[in-house]
Amino acid sequence: MTSRVGPRAAGTDGSDFKHREKVASHYQMSASLKSEIRKLNFVHLLLWLLVAAQVIASKLDLVSSDKVAEPYRWEYPYLISLFPLVTGSLSLPKNNISYLVISMISSGLFSIAPLFYGSMEMLGEAQQLYRHGKAYRFIFGWAAVTVMYLVMVVAVQVHAWQIYYSKKLLDAWFDSTQEKKKK
């Protein structure tokens with residue numbers, strides 16, 4: 001134990017740290033990956049709120065159709081992507097492997113699949129915009145297809161990183177459970 005005042009304990013020159021216990025690497029990795037996943041979950045929540053706000057504002061006529069375009073069809077199934085977000089968040093505090101696996105699988109189904117479908121759905125409209133300069137849907141003066149493609153680019157990256165970090169976290173948790181079984 002160190003003192004706040006006075007010299008260092010007799011007989012120590014600071015080089016006696018090698019014998020001390022260290023935190024196991026899988027615990028360090030688990031804490032670091034959980035932190036990254038929480039950050040990505042926050043960005044995912046912001047993207048989800050953005051899409052939900054557009055759908056709600058359009059369907060409830062809160063804003064004129066000149067300001068906010070009708071939602072694309074892919075946006076409705078994307079709203080289900082809140083499920084992988086919740087299950088992933090619930091898996092982190094208690095290292096729940098089954099919730100994390102459910103989150104990873106449902107992230108592919110409810111997050112990435114609608115985004116890929118949406119990219120195909122909006123492709124014709126994007127081609128028309130960039131070939132002829134004509135857009136028929138707008139979000140606050142911007143072409144809706146451009147705005148939604150930007151949202152999709154960010155969302156695909158966020159979801160891909162979520163799945164990647166979740167897989168690494170799953171491996172860290174699985175390694176720690178295997179080490180416990182060996183003992």
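The largest cavity in this predicted model has a volume of about 100 Å³. With the cut-off set at 30 Å³ or more, the count comes to one cavity.

**The cavity and its lining**

- Where does the lining of the largest cavity come from, in terms of elements that give two or more residues? Those elements are helix 1 (25–59), helix 3 (82–91), helix 4 and helix 6 (144–182).
- The residues that line the largest cavity are I37, N41, H44, P84, L85, G88, S103, M104, S107, Q162, I163 and S166.

**A look at S103**

- S103, one of the lining residues of the largest cavity, sits in helix 4, which covers residues 97–121.
- Is S103 buried or exposed? S103 counts as buried because its relative accessibility is 8%, and buried means under 20%.
- Leaving aside residues up to four places away in sequence, S103 touches P84, T87 and G88.
- Of those contacts, P84 and G88 also turn up in the lining of the largest cavity.

**Transmembrane stretches in the record**

- An unreviewed UniProt entry puts the feature "transmembrane region" at residues 40–57, 97–117 and 138–164.
- Residues 40–57 are 100% helix and 0% strand, with 25 Å between the end C-alpha atoms.

**The chain as a whole**

- How many helices and strands does the chain have? You'll find six helices and two strands.
- Reading from the N terminus, the elements go α-α-α-α-α-β-β-α.
- The chain has 183 residues, and 35% of them count as buried.
- Take the contacts between residues at least 6 apart in sequence: 74% of them join residues at least 24 apart.

Notes. Residues are numbered from 1 along each chain as its sequence is written. This is a predicted model: local features need pLDDT of at least 70, side-chain atom pairs count only at pLDDT 80 or more; totals for chains, interfaces and linings use all residues. Side-chain values use heavy atoms; hydrogens and water are left out. UniProt positions are given in the numbering used here, feature names are shortened, and annotations may be inferred rather than shown by experiment. Helices (H or I, at least four residues) and strands (E, at least two) are DSSP runs, numbered from the N terminus. Buried means under 20% relative accessible area, exposed over 50%, partly exposed in between (1.4 Å probe, protein chains only). Contact means heavy atoms within 4.5 Å. On a 1 Å grid over the protein atoms alone, a cavity is a set of points where a 1.4 Å probe fits but cannot get out, and a pocket is an open set with protein on both sides within 12 Å along at least five of seven lines; lining residues have an atom within 4 Å of a point. Grid points are joined across faces, edges and corners, and a volume is the space filled by probe spheres set on the points.
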